[in-house]
Amino acid sequence: MGYVGLPLALAFAEEGHDVVGLDADTRKIDALREGRSYIEDVSSESLAAASRVAPGSDQAPKLVATTHYEDLSECDAVIICVPTPLSEAREPDLSHLIDSATSLSGVLRRGQLISLESTTYPGTTRERLLPILEESGLAAGRDFHLAFSPERIDPGRTDYTVRTTPKVVGGLTEECTERAAALYSEICDTVVRVSGPEPAELTKLLENIFRSVNIAMVNEMAMLCERLGIDVWEVVDAAATKPFGFMRFDPGPGMGGHCLPIDPFYLAYKAREHDFYTEFIELAGKVNQNQPAWCVHRIERALNQVSKPVNGSRILLLGVSYKAGVGDIRESPALRIIRLTREIGGDVAYHDPHVPEPGELALTSGDLDEEIANADLVCIVTAHPEIDYARVVSDAELVLDFRGVTRGIEAANLVRL
Ligand SMILES: NC(=O)c1ccc[n+]([C@@H]2O[C@H](COP(=O)([O-])OP(=O)(O)OC[C@H]3O[C@@H](n4cnc5c(N)ncnc54)[C@H](O)[C@@H]3O)[C@@H](O)[C@H]2O)c1
């Protein structure tokens, strides 16, 4: 019932299906039972509506939250959307998937469809999930159906929804694919069938790695533009006017979130098993990983221009979440910028309307006006839409914009990436 599972559960409930929302985190289950959403894209009103029953009705609510796998035994379909992070050694950590599959195999029953949505390397469904589920004594493809269907949700996006984003499905057998396609056609207008779980798993990685490589390329272009004294945003804006053959990607402080920084490692891991080295992909990862350090170099240069050292200067970060309009700080480049700036003596503060208290930083979001007045340098790290950037430039002593949101403003106290 995280970023992926909750919107999906709600989409099925809103189509009139009886949905069981399971999570190992009791805080999430308590929130769901109280009709309280913890995800920006899901309103508490729609959640409460799905979790409520009409007065006097003896029907159960459409969405029921639980921590017990036994409650899944009545379900026709079970969709797994657990995290697939990296271990300390930057290798795939499938422990959540293995835990979840182990619990599920204890309650699996004949006729169920199991669909995995967690992003992972090709082969996971067949090589890792299937054997655990078969510990139930039931055979995949015969007694129960098994498929992989990548999740394409983009938190904060409103122009494409669960319904209008085509859904890719690949089953273990043709029947598994058809069963999964039937399930997802309940909530998606377009279902795209592929020949098995592996192409479906790799489709998701291709989509994200495509983004990662292009972001790395435009980040490298931004570094070169600094040397050349050319505004990279002006160049990207101009190139984006080409109606064909160019797709816009914007430079920035680096990649964050649960997908882009992690997915390439999943594929690189699988490739190594086959004596293949994904050099292009790893190079992109390297460039993007170095981007926060480059941002800190830009902070040093910006302060240097006004004859100040980083050591002892008050530096305000505007936005710490990994992308605009959301409160997710997983792998956010802002966290590394904060750490690296502190290491060289910077006195860091932040303001983020979506992240009141990130926990691990021992910081809380400060009042915007007060913090701007106290800062030697304001860095725009996340382009949250509710902030008036023209006012930030006019009120702040010095502004460094990593997101290009000040395009069109010319001011002596403003530097862009
Ligand atoms: N967030 C996104 O934008 C996005 C987009 C596409 C794909 N994905 C992929 O989808 C998967 C889930 O991502 P997410 O962002 O929803 O993660 P999340 O952390 O928001 O949610 C995952 C949930 O799984 C629960 N969980 C962990 N182990 C469990 C277990 N054994 N049994 C029951 N619940 C368990 C966690 O408590 C958590 O609430 C990942 O593989 C991710 O890469 C995410």
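A pocket, as the word is used here, is an open set of grid points with protein on both sides within 12 Å along at least five of seven lines, and its lining residues have an atom within 4 Å of a point. The structure described below is a predicted model.

## The second largest pocket

The lining of the second largest pocket consists of 27 residues. Nearest to the centre of this pocket are Arg90, Met255, Pro261, Gln289 and Glu331. Its volume is about 460 Å³. Sorted by class, the lining residues of the second largest pocket are 12 nonpolar, 5 polar and 10 charged.

Three helices are listed as supplying at least two lining residues each: helix H9 (263-273), helix H10 (279-305) and helix H11 (333-343). Of the elements that line the second largest pocket, H10 gives the most, with 7 residues.

## Surroundings of the ligand

The shell around the ligand holds 25 residues, and those that come nearest are Val4, Asp23, Lys28, Tyr69 and Thr84. By class, this shell is made up of 11 nonpolar, 7 polar and 7 charged residues. Helix H4 (residues 95-105) provides the largest share of the shell, 3 residues.

## Polar contacts and cover of the ligand

Thr84, already named among the nearest residues, has a polar side-chain atom 2.5 Å from an oxygen atom of the ligand. Arg330 also places a polar side-chain atom by a ligand oxygen atom, at 3.1 Å. For His96, an N or O atom of the side chain is 3.4 Å from a nitrogen atom of the ligand. On its own the ligand has 830 Å² of accessible area, and the protein covers 91% of that area.

## Overall fold and dimensions

The secondary structure of the protein comprises 13 helices and 12 strands. The C-alpha trace spans about 70 × 60 × 40 Å along its principal axes.

Why does the radius of gyration of the protein agree with that of a compact globule? A compact globule with 417 residues would have a radius of gyration near 22 Å, and the protein has 24 Å, so the two agree.

Methods
Residues are numbered from 1 along each chain as its sequence is written. This is a predicted model: local features need pLDDT of at least 70, side-chain atom pairs count only at pLDDT 80 or more; totals for chains, interfaces and linings use all residues. Side-chain values use heavy atoms; hydrogens and water are left out. A residue is near a molecule or strand if one of its heavy atoms lies within 4 Å of it. A polar contact is a pair of N or O atoms within 3.5 Å; within protein, one must be able to donate a hydrogen and the other to accept it, and residues adjacent in sequence count only if both atoms are side-chain atoms. Accessible areas come from the Shrake-Rupley method with a 1.4 Å probe; for residues, only the protein chains shown count as cover. Helices (H or I, at least four residues) and strands (E, at least two) are DSSP runs, numbered from the N terminus. Ala, Val, Leu, Ile, Met, Phe, Trp, Tyr, Cys and Pro count as nonpolar, Asp, Glu, Lys and Arg as charged, and the others, Gly among them, as polar. On a 1 Å grid over the protein atoms alone, a cavity is a set of points where a 1.4 Å probe fits but cannot get out, and a pocket is an open set with protein on both sides within 12 Å along at least five of seven lines; lining residues have an atom within 4 Å of a point. Grid points are joined across faces, edges and corners, and a volume is the space filled by probe spheres set on the points. The radius of gyration is taken over C-alpha atoms; the globule rule is 2.2 Å times the number of residues to the power 0.38.
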